[in-house]
Structure formats: structure tokens, C-alpha cells
Amino acid sequence: LKTLVQLNLVKVFKKNQDDIAILKLEEESKILAKENLTIALERFRLGVTTSIELKLAQQSYEDANARLASARFNTKISEIQLQKLSGSIIPANINP
């Protein structure tokens, strides 16, 4: 039983580390998508790009925001699971 708990702890720790790495990538992705949108807007104002290209940049930015929100959620979930397994938090249904 102790080995199983340790195995689960290692597994959840690795998942949390992966989630943190994904979160960092999605934060960078959002920054790049925002820069791309800014450039696309300026190019549209100057008349050197089409509304379709602008719409694609806008969609890319919205997608980046959605992925970032999902990455934040997943990271928080794995953090809570890690805390629960390590004993940092106690489930509400356990009475002292």
C-alpha cells in the first residue's frame, strides 16, 4: 500500500511538472498571438492585409486565451491532487 501511494505521488508530481511546463508555453503563446494581432491590425489599417487575415489573427489570439485558461485550470487541479496525496491538505469528508 505504501509503495502504491508513493507511486501515485510520483505520478501526480510528474503530471504537475508537465502542467507547469505547458502553462509556461501557453503564456508565451498568448504573448506571441497578441503581438501577431497587433501587427495584423496595423497592417489592416494600412490597407496591406485583408479582413480574412485579420480575422485569422483574432481567432489565433482567442484560441491562445482559451488554451491558457485550460492550462491554468489543469495546473491548479494537479497542484491540488499533489497537495492531497502529500498530506498538505485534508479532504473535507474526513473528521478529526
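**Exercise 1. Determine where Asp19 lies, and whether it is buried or exposed.**

Solution. Asp19 is found in helix H1, which covers residues 2–46. Helices here are DSSP runs of H or I with at least four residues, strands are runs of E with at least two, and both are numbered from the N terminus. The model is predicted: local features need pLDDT of at least 70, side-chain atom pairs count only at pLDDT 80 or more, and totals for chains, interfaces and linings use all residues. Residues are numbered from 1 along each chain as its sequence is written, and side-chain values use heavy atoms, with hydrogens and water left out.

The next step is accessibility. Buried means under 20% relative accessible area, exposed means over 50%, and partly exposed lies in between (1.4 Å probe, protein chains only). Asp19 has 6% relative accessibility and therefore counts as buried.

The last step concerns contacts, that is, heavy atoms within 4.5 Å. With neighbours within four places in sequence left aside, Asp19 is in contact with Asn74, Thr75 and Ser78.

**Exercise 2. Describe how H1 and H2 pack.**

Solution. Helix H2 comprises residues 51–86, and H1 packs with H2 at an angle of about 160°, the axes being 7 Å apart. That angle makes H1 roughly antiparallel to H2. The axes are lines fitted to C-alpha atoms, for helices over the stretch in contact, and the angles run from 0 to 180 degrees between N-to-C directions. Angles under 35 degrees count as roughly parallel, over 145 as roughly antiparallel, 65 to 115 as roughly perpendicular, and the rest as oblique.

For the handedness, H1 passes H2 in a left-handed crossing. A crossing is left-handed if the near helix is turned anticlockwise from the far one by less than a right angle, and right-handed if clockwise.

**Exercise 3. Characterise Thr49, Glu42 and Arg45 by position and accessibility.**

Solution. Thr49 is found in the loop between H1 and H2. With a relative accessible area of 14%, Thr49 is buried. Residues up to four places away in sequence not being counted, Thr49 touches Ala40, Arg43 and Phe44.

Glu42 lies in helix H1 and is partly exposed, at a relative accessible area of 38%. Glu42 and Leu54 are twelve residues apart along the chain, with their C-alpha atoms separated by 9.6 Å.

Arg45 also belongs to helix H1, and at 61% relative accessibility Arg45 counts as exposed. From Arg45 to Lys2 there are 43 residues in sequence and 64 Å in space, C-alpha to C-alpha.

**Exercise 4. Identify which residue lies over the face of Tyr61.**

Solution. Lys34 lies over the face of Tyr61, at 5.4 Å from the ring centre. A charge sits over a ring if NZ of Lys or CZ of Arg is within 6 Å of the ring centre and within 35 degrees of the ring normal.
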